[in-house]
Amino acid sequence: MSSLRQLHQQLKQCDNYQQWLEIATKIDLKTGMEAWRNCESSADYPYQLLEEHIIKLQALLRDKNYHELAFFIKESLHRTLGELGEVQLYQHALSGTKKLIEHYLNLVILALNTLCDKPIPGINEHDKLALLSQAEKNFGRPALMLSGGGTFGIYHVGVVSALLNQNLLPNIISGTSMGSIAAGMVACHHDHELKAILSTPEKSHYKPLKRLSITSVWSHKALLDPQQLQQCLETNIGNYTFKEAFDRTGREVSITVSPARTGLKPRILNHQTTPNVLIYSAAKASCSVPGLFPPSQLEERPPQGKIVPYLEGELWVDGSFASDIPRQRISRLNNVNYFIVSQANPHIVPFISHRQQTGLIATFKDIAVTSAYAQGNTLLKVARRRLPKQPWRSWLNHASFFFDQDYLGDINLHPDFPPSWYLKFMINPNEGERDYLLKMGESSTWPKLAMIRDQTRISNALQACVTRLSEHSSKQTKTTNDQTTTEKSLSNKKSKPLLM
């Protein structure tokens, strides 16, 4: 039998999630964490209340008491769900949390599907759809947020791949700076197309950076070629507008851009706010780091129209400067209540690993980092107030925005680079480096999949129920309309004399 050290070494060398989960389960058995998962009692969650609710749910399902079942699910979720999302419940075992929690969630999903699919006395399909739609709205939805990160943004593609392969990729995705490239790829491709693209990275474009000549640097006031960036974006994303992509895939994808001049607010671009804007032009603007790329003009294509500038004359730059992880605005636009953040910014990654760790050292590190950020932000605010008209005011604004952001979510994924990798922040990767980043994106997501699955199951089930009921309602309406048309046609024929 393999030793614990050998198993941990094998865990780092896994090629896919199934291999990882198999080895993780063996480690849990050796360390006693599988027994922890099977033991219902714990101070980390209200296990006794959960046991009572499981018995109640089973009885209501058995007795087909659907009216009381609907009421009890709502009450049960309000009383238990907040505590079932505590991070410490997923820090013991590698393969998942308490099996009692999984059993409870299975029963809730079964109950929701039963209420959706079974006839309920006194409630017609239309009323049922309204009730479940309201429940979905009240409950909220999950979103995947992809940060900036320069070359490290390739890491996001691996995260997307890991989530997609387990059917856990949220329908709502936000991308900023280099994260906007991965978001744009997802926006324009169906699942099967995306899987094919991700399985053949050599066919995609992972070289957006090209130095300009000395004379071009002077004329562009930037170091890198915007045309090379645009070629990368057009190859990976295509020529879709936000509305065209949404109509094609149903994915609600947003891209953040920052204004190049003061006086304008950052913008969230998506099929609701800017339906005719071309996604590649949004990603180009979001990737335009000042000094490296020149500010970028957004482009739009109205229906049956030609490509024209959007807000002509207004230029935009890297979205990370003002809103790397735009949680509040995405929450308002898309009714999001749960954020999965893939964070690859090199100035953020070294300071966030301690947030997900326990113990005295992690606590002191958290205090030190939080204090340093607070002091830095205070100094920048004083500088902005005292130097309102100095030529470096715009850089003070950008620096203040960097410090004054919340870069984390409910679940945080981030790479773990050796120090030497920080020298590769803004260079095109070779094939080995590209594959290393993609693999790190996948492998760093695998330990979080159990929590992501558990915390998004009810949202996903409610969405699926609403979709099924909506499709069924549409078919019924179409059938009724067809029958009405047929009856009218037959009536008209009977009323007319036959021609001999």
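A charge sits over a ring if NZ of Lys or CZ of Arg is within 6 Å of the ring centre and within 35 degrees of the ring normal. With that in hand, look at Lys424: its charged end sits over the ring of Trp421, 4.6 Å from the centre. Keep in mind that this is a predicted model.

**Rings and the charges over them**

- A pair of aromatic rings is described by the distance of the centres and the angle of the planes.
- There are nine aromatic pairs in the structure. One of them is Tyr17 with Trp20, a stacked pair with 5.9 Å from centre to centre and 15° between the planes.
- Tyr17 and Trp20 both belong to helix 2 (residues 17–31), and because they are three residues apart there, about one helical turn separates them. Both Tyr17 and Trp20 are buried.
- Phe417 and Trp421 also make a stacked pair, because their ring planes are at 10°, which is under the 30 degrees cut-off. The centres of these two rings are 5.5 Å apart.
- Phe417 has a relative accessible area of 8%, so it counts as buried. Trp421 is buried too, with a relative accessible area of 8%.
- Phe417 and Trp421 belong to a cluster linked by ring pairs, along with Phe152, Tyr422, Phe425 and Tyr436.
- Back to charges over rings: Lys98 lies over the face of Trp36, and the distance to the ring centre is 4.3 Å.

**Helix 9 against helix 14**

- Two packed helices are described by the angle between their axes and the distance between the axes.
- For helix 9 (residues 179–188) and helix 14 (residues 279–286), the axes come within 9 Å and cross at roughly 170°.
- That crossing angle is over 145 degrees, so helix 9 and helix 14 count as roughly antiparallel.
- Where do the two helices meet? On the helix 9 side you have Ser180, Gly184, Ala187 and Cys188, and on the helix 14 side Ile279, Ala283 and Ser286.

**Ser95 in its loop**

- Ser95 is in the loop between helix 5 (66–84) and helix 6 (99–117).
- Is Ser95 buried or exposed? Its relative accessible area is 11%, which is under 20%, so Ser95 is buried.
- The Ser95 side chain has a polar contact of 2.6 Å with the side chain of Asp28, and another, of 3.2 Å, with the side chain of Arg37.
- Skip the neighbours within four places in sequence, and Ser95 is in contact with Leu21, Thr25, Asp28, Glu34, Arg37 and Ala450.

**Ser213 in its loop**

- You'll find Ser213 in the loop between helix 10 (191–199) and helix 11 (214–220).
- Ser213 has 38% relative accessibility, so it counts as partly exposed.
- Which side chains does Ser213 reach with polar contacts? There is one with the side chain of Thr215 at 3.2 Å, and one with the side chain of Ser216 at 3.0 Å.
- Ser213 and Leu223 are 10 residues apart along the chain, and 8.3 Å separates their C-alpha atoms.

**Cys116 in helix 6**

- Cys116 is part of helix 6, and with 3% relative accessibility it counts as buried.
- Along the chain, Cys116 and Lys128 are 12 residues apart, with 7.4 Å between their C-alpha atoms.
- Leaving out neighbours within four places in sequence, Cys116 is in contact with Lys128, Leu132, Cys465, Arg468 and Leu469.

**Positive phi away from glycine**

- Most residues other than glycine have a negative phi, and most peptide bonds are trans.
- Ser177 isn't a glycine, yet its phi is positive, about 55°. Ser177 is in the loop between strand 2 (172–176) and helix 9.
- Lys221, another residue other than glycine, has a positive phi near 55°. Lys221 is in the loop between helix 11 and helix 12 (226–237).
- How do Ser177 and Lys221 come out on accessibility, buried or exposed? Ser177 has 4% relative accessibility and so counts as buried, whereas Lys221, at 69%, counts as exposed.

Terms used. Residues are numbered from 1 along each chain as its sequence is written. This is a predicted model: local features need pLDDT of at least 70, side-chain atom pairs count only at pLDDT 80 or more; totals for chains, interfaces and linings use all residues. Side-chain values use heavy atoms; hydrogens and water are left out. Helices (H or I, at least four residues) and strands (E, at least two) are DSSP runs, numbered from the N terminus. Buried means under 20% relative accessible area, exposed over 50%, partly exposed in between (1.4 Å probe, protein chains only). A polar contact is a pair of N or O atoms within 3.5 Å; within protein, one must be able to donate a hydrogen and the other to accept it, and residues adjacent in sequence count only if both atoms are side-chain atoms. Contact means heavy atoms within 4.5 Å. Rings of Phe, Tyr and Trp (its six-membered ring) pair if their centres lie within 6.5 Å; planes under 30 degrees apart count as stacked, over 60 as edge-to-face and the rest as tilted. Axes are lines fitted to C-alpha atoms, for helices over the stretch in contact, and angles run from 0 to 180 degrees between N-to-C directions. Angles under 35 degrees count as roughly parallel, over 145 as roughly antiparallel, 65 to 115 as roughly perpendicular and the rest as oblique.
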